[in-house]
Amino acid sequence: MYDNIITKFIDANILLNDTAYQKIKTYEDSFKLSKSIIEDLAPSHEDLLILTGEIIDQYIESDKTDLNIPTVENHVQKNKSPPQSKLVSSLPFDFQVLKDASRKSYTNGEIKDFSAYFGSRYHKLKDILQRKKELKSPQTMREAENMQDLVKVIGMVNDVRTTKNNHKLFEIEDETGIANVLVHKDNQSLFEKAEMVVKDEVLGVVGSRKGSLLIASQLINPGIPRIDEKSMDFSTVFLSDTHIGSSTFLEDAFLNFIKWINGDHGDKEQEKIANDVRYLIVAGDIVDGIGVYPNQDKELVIKDIYEQYEEAARLFGEIDGVQIIIAPGNHDASRLAEPQPSIPEEYAKDLYNLKNVAFVSNPALISLEDINVLIYHGRSFDDFAMTVKGMSHQESDIIMRELLEKRHLAPIYGERTPLASEFEDHLVIEDVPDVFHTGHVHINAYKKYKGIHLINSGTFQSQTEFQKIYNIIPTCAQVPVLNQGSMKLLKFT
Ligand code: D5M
Ligand code: FE
Ligand code: ZN
């Protein structure tokens, strides 16, 4: 497997054959060994060196520099200093974008007829719901009007209310009509479920009719199946909300992070993790942007959006041998309405010029080797934290769990999360991911739910004046790393 060791040797003009690489990698302190080989050998040879397993054995035994090492000059055609970028870009990263809304979003975000947008949402989720045995052959709202028992319908929630006797009352709708659904407060387990119901989600209701009301006995989410965990022989780093350009961006901590990912920071265990890192995902708010909230400019050290991305390119450009994937957030220079297309090239030329950086939309579904990662910045968390009992910015994993069960990243329409009403709803979670990566709340969270890793990657920004008002206490410079399948949280403060 190619990784940081190889990149370090390439930088020093040294190629490793497979056995040499295996020997170095399995050596108990592979970083120290690599460092000393490079320091000893690179300066005394001008040509591209090729190290074999035998040479590594000799080096370890003798620790001498006078070894008989073949160079590219006498083996293959001479190429004194191959451009590094060529070698790096040929690293076999197995990274694919499975779903990206940037190219599919073909309206400017507004269509007059909302029915196309909500129709797309309804039908995608109805398809999932109908596969459940409790909801096989559901009735339409119109058919259900004339039924007494065993009513089963699938509807979109128009309205959520608590009655004066503290029962829950929903109005749900399909293309044929509406139904008023009552959840009795004494039905405790169902009532708890009813408290999670939000406007504009699509759900199934099973119950019986009493006058004009449908008395629910079951509320059914589209749901998410338990998945088998796949093995991972590499590491992925999750970042978000660096907010470069803000005076509260924690640059020193971020520089430590860069040193770590390049193999030059941290203890042995951390160096070992760094060595396995192949991918780095940024789930939005890479820069602080401009004019995002009132008086934001007072907290900016870089007041120009182009320069903020130049600074981001300078910092991320130092990261070696890792495929970087960047999605936008609400502070980035993309359209604000979700799905947000990827950060436009015109704003971030220097970042686009980095060979190891790819840009995706928010949300996006990507695969790393065969691990599928759903990336979503997390703007809809604000709506959940404000409206659903028991939900907060502090525990975004609970919100992530509900989003998966509802199979929608931002069901609530028309509140804090701007949604583009297009012909297709791209925020429906159609595929079950292995990893669900979010940001936005600036507070780390992690939970394994039904085999899926739910990760919120925190922030590199200290508390802002805006966050003081909302009493949001960020967890800063703590970076989650999925290290060969297990979660590690590395601190860089
Ligand atoms: O979000 C930074 C933090 O502020 C994060 O915890 C969410 C919270 N936030 C952002 N906007 C709102 C609104 N409108 N209401 C409540 N809480 C909010 P950032 O996107 O980095 O500014
Ligand atoms: Fe943010
Ligand atoms: Zn944000």
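Tutor: The model is predicted, so local features need pLDDT of at least 70 and side-chain atom pairs pLDDT 80 or more, while totals for chains, interfaces and linings use all residues. Residues are numbered from 1 along each chain as its sequence is written, and chains are lettered from A and ligands numbered from 1 in the order in which they are written.

Student: Which residues of helix 4 are buried?

Tutor: A residue is buried if 20 or more other C-beta atoms, placed from the backbone, lie within 10 Å of its own, and exposed if 12 or fewer do. Helices are DSSP runs of H or I with at least four residues, and strands are runs of E with at least two, numbered from the N terminus. In helix 4, residues 53-62, the buried ones are Ile55, Ile56 and Tyr59. Seen down the axis, they fall within an arc of 100°, so they line one face of the helix. That arc is taken from the directions from the helix axis to the C-beta atoms. An α-helix has 3.6 residues a turn, so residues three or four places apart point the same way.

Student: What does the face turned away carry?

Tutor: The exposed residues Glu61 and Ser62.

Student: How do strand 5 and strand 6 pair?

Tutor: Pairing requires at least two DSSP bridges. Strand 5 (residues 168-174) and strand 6 (residues 177-183) are antiparallel over 7 bridges, forming a hairpin with 2 residues between them. Aspartate 174 stands opposite glycine 177.

Student: Which residues come nearest to ligand 1?

Tutor: Near means a C-beta atom, placed from the backbone, within 6 Å. Of 13 residues around ligand 1, Asp382, His393, Val441, His442 and Ile472 come nearest.
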